[in-house]
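Please report on the fold, the surface and the charged contacts of this model. Keep it brief.

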Amino acid sequence: MTFWDILFLALALSADAFIVAFSYGLVIKKRKGVSALKIAFAAGFGQFVMPVLGWYGASGVYRQIEQIDHWIAFFVFLMLGLKVISDSFRDCGCCEKRSDRLGFKVLLMIGVATSIDAFVSGSMLYFVKAPVWESAALIGIVTFVNSCIGFNLCRIFKKAPTRWLEITSGLILIFLGCRVLYEHLA
């Protein structure tokens, strides 16, 4: 694989992270810069680690997880989407929004959910004899940058009612999970 092949792969793999970052950018109102970096780091790190794991586990683990990877991604996106939607109804306007808190658990879910396809791509990199560390680094960097862009692109919608944006972003995450499931089952 050439540099350009891996770059295009990185752009394709980062699409989910872009959408997730955009969705959280709609919801989070405080500490946007720090939150953007946290989400971008979680997604980028996940996209860096998973191809490496896929590459090294191509012969054994891939065959075991291949049958359920789409279900894992679906349930993680579903849980993220439902959390964002439920948080929109918990906001009474008198306290800090729960969705503004990006704890380790949420960031881990984001990192895993957006990078399961990178695991499979890592195994593909193994079979085409691509250099794993350079490929994974490029995929992680591209995902980090695209996540930052996605998170900050949502500022266009800053005047819209928060609750509707939160519900919309939760539905986007659920749709993303359904799309992953549909693509694998179709």
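## Salt-bridge network

A salt bridge is a side-chain nitrogen of Lys or Arg within 4 Å of a carboxyl oxygen of Asp or Glu. Asp-16, Arg-179 and Glu-183 are linked in a network of such bridges. The structure holds two salt bridges. One joins Asp-16 to Arg-179, with the closest N and O atoms 2.8 Å apart. Asp-16 sits in helix α1 (residues 3-27) and Arg-179 in helix α8 (residues 162-185), so this pair ties together parts that are 163 residues apart in sequence.

The other is formed by the side chains of Glu-183 and Arg-179, at 3.4 Å from N to O. Both of these residues lie in α8, four residues apart, about one turn of the helix. Burial is defined by relative accessible area: buried is under 20%, exposed is over 50%, and partly exposed lies in between (1.4 Å probe, protein chains only). Asp-16 counts as buried because its relative accessibility is 6%. Arg-179 has 29%, so Arg-179 is partly exposed. Glu-183 is partly exposed too, at 49%.

## Basis of the model

This is a predicted model: local features need pLDDT of at least 70, side-chain atom pairs count only at pLDDT 80 or more, and totals for chains, interfaces and linings use all residues. Residues are numbered from 1 along each chain as its sequence is written, and side-chain values use heavy atoms, with hydrogens and water left out.

## Fold and surface

The protein chain has eight helices and zero strands. Helices (H or I, at least four residues) and strands (E, at least two) are DSSP runs, numbered from the N terminus. Along the sequence the pattern reads α-α-α-α-α-α-α-α.

The protein chain has 186 residues, and 49% of them count as buried. Contact means heavy atoms within 4.5 Å. Among contacts between residues at least 6 apart in sequence, 94% join residues at least 24 apart. The accessible surface of the protein chain is about 9600 Å², and 72% of that belongs to carbon and sulfur atoms. Accessible areas come from the Shrake-Rupley method with a 1.4 Å probe; for residues, only the protein chains shown count as cover.

## Helix α6

Helix α6 covers residues 116-127. The expected span of a helix is 1.5 Å times one less than its number of residues.

Which residues of α6 are buried? They are Ile-116, Ala-118, Phe-119, Ser-121, Gly-122, Ser-123 and Leu-125. Just after α6, Lys-129 takes a positive phi of about 60°.
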